[in-house]
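Hi everyone, thanks for coming. Please have a look at the sequence and the structure on the screen, and then I'll walk you through a few features.

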Amino acid sequence: IKAGQKLDELQESSKKSSTALVSLTVDHIMHEPLSTSHTKIAQKSLESLLTILKNAHKIGIKIIVLPLLEQASLKDKPEDFRRMLVALKKIISVGKKYGMKFVIENDLSVSDQKKLVKECNNQIGICYDTGNRTYFGYIPFEEILELGRLIWHIHIKDKNQEG
């Protein structure tokens, strides 16, 4: 949802184009990570996310993509991983009230993705982005087979390791 765009305008545009509003990617968390050690940034980001969830619910969005990339990457950051688990548990609690599912788009290894899902009691899934995974040097075919049912949402694009 673009900043300042009214929800009813978005719904009207969806109706006119016969396009369902199904998922929303919350990009701001890549630059204002929920897992940062800077408490004020993390709290502001969480508050913004909770407002987004409320508005997304109003227009019927059921899948929220949380991109744990760029500054929000958890790769090789055990403390950020721990802080993200705390934030995810809060987010999941709110999302349950709205009937939402959360998926993480990330740069973690398959084993770390499985660990994150398990730590959240299997209440989150994976958003598998073929282009980003290829860019990060992973082999999508192998990972998709290994992640299996943990993949709840897919982004497909053509991207190689050069971008």
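Let's start with Asp76, which is exposed, with a relative accessible area of 73%; buried means under 20%, exposed over 50%, and partly exposed in between, using a 1.4 Å probe and protein chains only. A word on the source: this is a predicted model, where local features need pLDDT of at least 70, side-chain atom pairs count only at pLDDT 80 or more, and totals for chains, interfaces and linings use all residues. Residues are numbered from 1 along each chain as its sequence is written, and side-chain values use heavy atoms, leaving out hydrogens and water.

Where is Asp76? It lies in the loop between strand 2 and helix 3. Helices (H or I, at least four residues) and strands (E, at least two) are DSSP runs, numbered from the N terminus. Asp76 has a positive phi of about 60 degrees, although it is not a glycine. Most residues other than glycine have a negative phi. Asn122 also has a positive phi, near 60 degrees, and is not a glycine; you'll find Asn122 in the loop between helix 4 and strand 4.

Five strands form an open sheet in the order 1-2-3-4-5, with parallel pairing; two strands pair if DSSP finds at least two bridges between them. Strand 1 (23-25) and strand 5 (151-155) are at the edges with a single partner strand each, so one side of each has no neighbour in the sheet. In the parallel pair of strand 3 (residues 101-106) and strand 4 (residues 124-129), three bridges make the join, and Val103 stands opposite Gly125 in strand 4.
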